[in-house]
Amino acid sequence: MSTLTSSSPAAAASPKKGKRLRPSYWPFIIPALVVVVGVILFPWAFTLWMSANEWRVGEEQQFVGLANYARLMSDTRFWESMGHMAVYTVLSVVGPLIFGTAAALAFNSKLPARGLLRGIFVMPMMATPVAIALVWTMMFHPQLGVLNYLLSLVGIGPSEWVFNPRTVIPSLVLVETWQWTPLVMLIVLGGLAALPTEPYESAQIDGANSWQRFRYITLPMIGPFLMVAVIIRTIDALKSFDIIYAITQGGPGTASETVNLYLYSVAFTYYDIGYGSAIAVVFFVIIVALSLILLYLRQRSAWNAGDTR
Amino acid sequence: MFTSDKLRLSRRQVLASGAAASAMSLAGFPAFGQSSQINWKKYAGTKLEVNLIKSPRGETLTKYQKEFEELTGITVVSEQTPEQQQRQKAVIELTSGRPSFDVVHISYHVQKRQFEKGKWFADLTPFVNDPTLTDAGYLSDFAEAGLAFAKSPEGAIGALPFSVDYWIVYWNKELFAKKGLSYPTTFEEMVKAAVALTDPATQTYGFVARGQKNANTPVWTSLMLGYDKYAISGGELQTDTPEAIEAAKLYQTLMTKAAPPGVAGFNWAECQSAFLQGKIGMWFDGVGFAPPLEDPEKSRVVGKVGYGIMPKGPKAQAAATTGDGIGVTAASKNKEAAYLYCQWATNKLMGARLLQAGAGVPFRNSVLADAEVRKGVKMPPEWVDAVAGSAKISRLTLPVIIPVTEFRDTLGVALTNLLSGGDAATELKRATAEFKPILERSEKA
């Protein structure tokens with residue numbers, strides 16, 4: 001009878017206890033972690049730190065705590081820019097929302113050459129904002145621009161468009177609406193395509209007219225899609241910079257200066273990095289807070305498909 | 001602080017520079033690099049990085065840079081960036097202490113003080129005094145304004161004077177003739193002519209100048225010079241003095257009674273477009289914007305433009321002056337080679353090329369006075385006369401301070417408000433009070 005030298009064949013085949021290789025996945029997240037820390041977290045932590053310092057390029061840096069934030073409270077130009085940003089954002093959301101929804105309804109019906117027209121309609125969205133801004137600047141020119149010529153054709157007097165403090169923001173919103181209405185149209189069109197047909201059939205049997213069908217069936221059902229459009233447009237409009245900067249640079253005077261443009265001037269033309277960082281932090285908080293509110297509203301507006309109560 | 005008063009030319013200086021210029025023009029221009037004792041090949045093989053402002057001046061340097069490379073054996077890599085972005089890039093890189101460039105092109109009227117405080121320029125004085133690097137008397141041909149720009153309060157030479165911009169009045173001779181008017185010689189006559197030329201029914205306006213915030217400030221400070229007042233004098237803001245208020249009222253009158261609608265949003269480009277259409281009587285701006293006016297493809301006023309020296313104000317006649325310089329960074333490891341580039345960029349031949357192309361006006365008196373050079377100038381002789389005449393009454397447009405952009409923005413907003421009916425005294429006092437702490441802080445830092 002032979003003597004067993006090992007306890008079992010299975011034990012001999014398995015690695016020694018304690019040296020068993022356990023699957024580890026954490027190295028895989030290192031590249032992403034490095035990018036997130038380097039590109040997102042570090043710049044933010046640094047901005048936060050800079051906002052607690054007084055530092056102008058070429059001068060000594062000095063820790064001032066919350067002094068930069070206190071300075072914001074009495075900075076009339078900052079508060080004016082907040083007002084401009086609010087007006088600009090509201091108009092830049094409402095305009096594309098109305099026209100985009102109308103366009104989506106039109107393109108959802110069986111129009112002749114619908115695909116071609118839809119392709120043409122989305123073209124402004126694909127253009128470079130600075131190029132658009134330059135073209136619109138020429139069109140807005142009070143003496144040489146085509147817009148005043150067009151107004152004259154229908155008997156309306158000339159406007160000063162972006163060259164007048166009173167009309168500058170609505171004129172800029174016109175450009176924003178022209179460019180971003182197609183985006184809203186695409187989002188709403190996707191929503192319309194997903195709508196069930198049964199409610200419409202029932203409504204038709206009940207004798208509902210087209211306005212009633214839109215008001216009481218379509219509009220509530222595309223609500224979640226409209227909410228997505230509102231969120232995207234709001235964030236976009238809040239941080240809008242290129243079009244305003246290229247057309248008016250915040251002028252005439254400071255009539256179209258939003259927080260974004262003011263922040264740029266403070267940090268990169270006055271080189272007041274500390275104060276500019278404080279504005280950036282406040283601006284960031286505003287965007288995050290508004291986004292959270294909108295996301296909450298979006299969740300509330302979502303369809304409750306599984307809710308049978 | 002650098003006081004603008006230093007730049008006022010005395011009659012003796014004007015005569016001396018004129019005499020020197022005449023003597024040089026009689027002798028003719030030596031081809032660059034041929035008559036000197038300088039060993040141009042000494043730094044052959046060096047590679048220079050040059051940071052230029054994108055402008056006709058920057059383009060002229062890039063266009064002829066091969067000549068410099070052939071003369072010296074130095075390789076030049078030049079980059080042109082639009083003005084605003086170039087300034088930001090330069091400041092950020094210089095603050096880091098390791099700029100990527102050896103040579104930098106600056107606007108004196110915006111950046112001089114900042115560069116001096118940051119100690120970002122190499123002092124070129126030893127190179128200028130070194131006979132193996134510079135011909136004797138090299139600086140003597142530069143206009144006094146250029147040398148004042150180039151030197152720090154301590155006397156160090158930062159950027160060499162490259163090009164100067166005088167503010168002149170472009171006027172439409174045809175419109176003036178229709179109304180039987182002649183070119184104004186005083187501010188009062190200028191207002192009268194501007195109002196007389198204005199006829200909104202035919203969309204004709206007597207005057208246009210920059211109304212946009214920041215860009216408009218030099219227009220007003222230029223008018224202030226006519227009241228014999230600088231924006232800052234002896235370290236004190238003069239922007240709410242009676243003279244400053246009078247100049248602001250003059251600006252308001254011209255811009256609200258004789259300028260086209262929407263002028264509050266006009267920068268130089270919109271003013272130029274309007275003038276090119278032949279419906280504007282006078283346009284007040286820098287002399288460097290002239291070339292498109294005589295280009296038949298762009299202009300409806302070819303051959304009809306008069307180039308006038310700034311009319312006399314109640315107390316003085318002054319041509320507002322800004323300028324560009326080109327210098328070597330203190331951090332450069334190729335300072336001598338970089339200095340040779342700056343010297344080449346500011347030589348007489350390059351100055352003549354700038355002038356002849358209408359790309360800019362050199363600070364060199366001899367170039368302006370040279371009959372041969374003038375023959376090759378594409379612009380009408382009247383333009384060259386306006387330049388030469390302005391040189392004689394040259395004064396700095398803007399104060400040489402670090403926060404010059406904040407100065408322009410803060411006072412610029414006040415000026416734009418005037419175009420909406422604001423009161424000059426109230427607006428200027430508010431803007432002055434707003435800017436005062438910024439200036440004080442900057443000077444203390």
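**Close-up 1. Surroundings of A:Val168 in the predicted model.** When neighbours within four places in sequence are left aside, A:Val168 is in contact with A:Trp161, A:Val162, A:Thr248, A:Gly251, A:Pro252, A:Ala255 and A:Ser256. This view, like those that follow, comes from a predicted model rather than from an experiment. A:Val168 belongs to helix α9 of chain A, which covers residues 168-193, and with a relative accessible area of 0% A:Val168 is buried. One of its contacts, A:Gly251, stands 83 residues away along the chain, yet the C-alpha atoms of A:Val168 and A:Gly251 are separated by 8.0 Å.

**Close-up 2. The contact between chain A and chain B.** Chain A brings 26 residues to this contact and chain B brings 27 residues. Between them the two chains bury about 2,500 Å², and 54% of that area is on carbon and sulfur atoms. On the side of chain A, the residues A:Gln143, A:Phe163 and A:Tyr271 supply 22% of the area that chain A buries against chain B, which is more than any other three residues supply. Across the interface there are seven residue pairs in polar contact and four salt bridges. Helix α14 of chain A, residues 259-269, gives the most to the side of chain A that touches chain B, with three residues. Sorted by type, the residues on that side of chain A are 11 nonpolar, nine polar and six charged.

Close-up 3. Side chains of opposite charge can pair when their charged atoms come close. In one such pair, the side chains of B:Arg441 and A:Glu54 meet in a salt bridge, with 2.6 Å from N to O. In another, the side chains of B:Lys213 and A:Glu257 meet at 3.8 Å, again from N to O. B:Lys213 lies in the loop between β5 and α10 of chain B, while A:Glu257 lies in the loop between α13 and α14 of chain A, so this pair joins two chains. A network of salt bridges links A:Arg56, A:Arg71, A:Asp272 and B:Glu406.

Close-up 4. An α-helix has 3.6 residues a turn, so residues three or four places apart point the same way. B:Glu93 counts as buried at 16% relative accessibility, whereas B:Lys89 is partly exposed, with a relative accessible area of 25%. B:Lys304 sits in the loop between β8 and β9 of chain B and B:Glu174 in helix α8, so the pair ties together parts that are 130 residues apart in sequence. Here B:Lys304 is partly exposed at 27%, and B:Glu174 is partly exposed at 37%.

**Close-up 5. Nonpolar cores and the residues around B:Tyr307.** In soluble globular proteins, nonpolar side chains tend to be buried together. The largest nonpolar core of this model has 170 residues, and those with the most contacts inside it are B:Tyr170, B:Tyr307, B:Tyr341 and B:Trp383. Strand β4 of chain B, residues 160-172, provides the largest share of this core, with nine residues. Apart from its neighbours within four places in sequence, B:Tyr307 is in contact with residues including B:Ile168, B:Tyr170, B:Leu293, B:Met379 and B:Trp383. A second, separate core has 19 residues, among them A:Ala103, A:Ala104, A:Ile217 and A:Ile222.

**Close-up 6. Covered helix residues in chain B.** Helix α13 of chain B, residues 335-345, is mostly covered, with nine of its 11 residues buried. Among the buried residues of this helix are B:Tyr339, B:Tyr341, B:Cys342, B:Gln343 and B:Trp344. In helix α2 of chain B, residues 56-63, lies B:Thr60, which counts as buried at 8% relative accessibility. Not counting residues up to four places away in sequence, B:Thr60 touches B:Met350, B:Arg353, B:Leu354 and B:Ala359.

Key
Residues numbered from 1 in each chain as written. Chains lettered and ligands numbered in written order. Predicted model: local features only at pLDDT ≥ 70, side-chain atom pairs only at ≥ 80, totals over all residues. Heavy atoms only, no water. Contact = heavy atoms within 4.5 Å. Buried area = accessible area lost by both parts, 1.4 Å probe. Polar contact = N/O pair within 3.5 Å; in protein donor to acceptor, adjacent residues only side chain to side chain. Helix = DSSP H or I, 4+ residues; strand = E, 2+ residues; numbered from the N terminus. Nonpolar A, V, L, I, M, F, W, Y, C, P; charged D, E, K, R; others polar. Buried < 20%, exposed > 50% of the residue type's maximum accessible area, 1.4 Å probe, protein only. Core = buried A, V, L, I, M, F, W, Y, C linked by side-chain atoms within 4.5 Å.
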